[in-house]
Amino acid sequence: MRVDFSSKKRQEMIHTMGNKEYDLFIIGGGITGAGIALDAAARGLSVALIDMQDFAAGTSSRSTKLVHGGLRYLKNFEIGLVAEVGKEREIVYENGPHVTSPEWMLLPIYKGGTFGKFATSVGLRAYDFLAGVKKHERRKMLTTKETLQKEPLLNQEGLLGGGYYVEYKTDDARLTIEVLKEAVAFGACAISYARVSRLLYDNGKVIGGEVKDLLHADHTFQVKAKKTINATGPWVDSIREMDQSKKGKVLRLTKGVHLVIDQAHFPLKQAVYFDTSDGRMVFAIPRDGKAYVGTTDTFFNKDTSNPYMTDEDREYIIRAINGMFPNVHITAEEIESSWAGVRPLIYEEGKDPSEISRKDEVWHAESGLMTIAGGKLTGYRKMAETVVDQAIKDLDQDYPRSNTKKLPISGGHVGGSKGFEDFIKEANNDALNEGLTKQQARYLVRLFGSNVTTALDLKKALKNEDRFGLPDELFLALHYAMNYEMVVKPEDFFIRRSGLLYFNLRLVEQWKEGVIECMAHTLRWTPDQKENYAHGLMKHIHQAMTPMKE
């Protein structure tokens with residue numbers, strides 16, 4: 001489905017948004033807000049959504065990039081949470097197999113470790129049962145020899161064996177944008193880089209918000225709606241303060257950092273979930289010739305918009321790597337890039353960061369403002385269904401029940417996981433017929449899923465355009481992002497539409513000038529805009545490579 005979601009039409013969309021009343025006004029364009037927008041729009045509600053940054057620029061592009069059931073929550077006896085999000089994993093996968101796929105995870109068992117053999121076996125069996133795992137994906141218990149065959153780099157001292165079970169890996173930012181694009185296909189209106197400066201009221205009830213266009217500092221507009229939903233993740237308490245309804249439960253933010261290492265230095269064969277010397281759990285996951293490792297889990301009270309890696313964060317993860325994989329001898333020099341994210345957790349007094357529940361809650365203010373807080377990436381669809389169900393009750397209107405359980409997201413219209421492989425073969429052939437190489441075809445098909453046909457049509461339309469030295473697949477991906485994914489700044493493309501800044505920084509360095517020139521030409525930037533956006537990209541590159549001081 002071709003969706004007109006172009007950066008070039010942003011001002012038209014702002015004009016539209018400011019001149020009608022919506023059923024729902026959603027503040028926040030991460031996975032939670034995007035999910036709510038899709039659920040509501042698919043039921044026939046009119047929806048407006050804004051984000052003060054790029055879509056997914058907060059928590060939703062800074063996770064461990066797993067749609068996982070939360071095995072560690074079983075350890076905390078959060079049975080309901082494990083059962084619900086466990087079942088949601090497969091729904092997320094079936095609705096978007098181009099951005100989510102099964103990943104076998106190895107849980108090594110050590111003498112004196114957090115997980116004993118018996119407890120691991122019972123825990124993983126319970127996990128399979130609660131999550132309704134398919135028969136061929138159910139857990140296996142491995143001997144020491146079998147465990148080392150799966151991952152020879154593991155520390156052999158005290159190794160007793162391993163648990164082997166399925167999680168699902170994803171591109172969190174692309175998952176978010178695909179959900180949002182499907183919402184737009186159903187009629188939702190979404191704008192990035194637009195911040196609520198104040199809420200609007202009528203007789204003490206919220207009726208929308210005044211919004212500042214952050215790309216045009218002198219421009220504000222009003223969004224009117226019957227129901228306003230605060231889905232701003234780490235910023236939900238800021239919106240509640242604006243509404244003067246911040247009372248009772250509040251958020252407690254924790255920071256998670258991930259490091260990326262080339263597999264030339266860390267030749268990880270197998271995704272591993274392991275415990276560290278202080279009892280925290282860490283993931284090490286191979287991805288496209290790299291291995292990424294994380295996460296840390298520390299309370300955070302600095303700039304929520306700009307979480308960063310510190311020397312301490314980096315050293316903690318390096319120690320964890322070298323403790324579990326003692327022969328790789330990773331040093332700071334081998335860290336290629338990193339990212340840091342902030343998790344918005346519902347505060348529970350006396351608990352350490354890793355012990356606080358990831359459950360979600362919906363809060364209702366006297367003003368009518370609804371706030372969705374907490375939660376996990378995996379559970380976004382169910383969270384959205386709950387929020388929209390409650391919003392519809394408040395609207396006192398008759399709308400159908402949620403249909404997102406079997407609703408493909410944008411790019412996911414491929415016949416589910418069973419049809420995906422056949423789709424890939426056919427789409428690869430189509431791309432080869434358009435003159436792309438096998439590598440270029442594979443890249444674009446995996447990136448866009450069923451939307452690759454639109455990208456190939458774009459290739460024909462752009463055949464006489466200046467390529468600014470960019471290779472075909474990057475040129476096409478960039479133009480697709482500007483035309484159909486509302487990319488505004490270079491970092492939007494390099495971080496959240498392609499993932500290159502985290503997983504192939506060398507390519508970012510190589511092609512950043514071409515991307516900036518192409519965007520400046522296509523989006524008609526002023527010289528000042530071009531300079532500012534180029535400077536912003538360099539800042540992100542520096543931050544991915546360099547620890548910051550507290």
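In this predicted model, strand E3 (residues 66-67) pairs with strand E6 in the antiparallel sense over 2 bridges. Strands (E, at least two residues), like helices (H or I, at least four), are DSSP runs numbered from the N terminus, and two strands pair if DSSP finds at least two bridges between them. Leu66 stands opposite Lys169 in E6.

Strand E4 (residues 100-110) also runs antiparallel to E6, joined to it by 11 bridges; here Tyr110 lies opposite Leu159. Strand E5 (residues 140-142) pairs with E6 over 3 bridges, again in the antiparallel sense, and Met141 has Gly163 as its bridge partner.

Buried means under 20% relative accessible area, exposed over 50%, and partly exposed in between (1.4 Å probe, protein chains only).

Tyr168 belongs to strand E6 and is buried, with a relative accessible area of 1%. Leaving aside neighbours within four places in sequence, Tyr168 is in contact with residues including Leu66, Val67, Arg89, Tyr93, Thr100 and Glu137, contact meaning heavy atoms within 4.5 Å. The side chains of Tyr168 and Glu137 make a polar contact at 3.0 Å. A polar contact is a pair of N or O atoms within 3.5 Å; within protein, one must be able to donate a hydrogen and the other to accept it, and residues adjacent in sequence count only if both atoms are side-chain atoms.

Residues are numbered from 1 along each chain as its sequence is written, and side-chain values use heavy atoms, leaving out hydrogens and water. As the model is predicted, local features need pLDDT of at least 70 and side-chain atom pairs count only at pLDDT 80 or more, while totals for chains, interfaces and linings use all residues.
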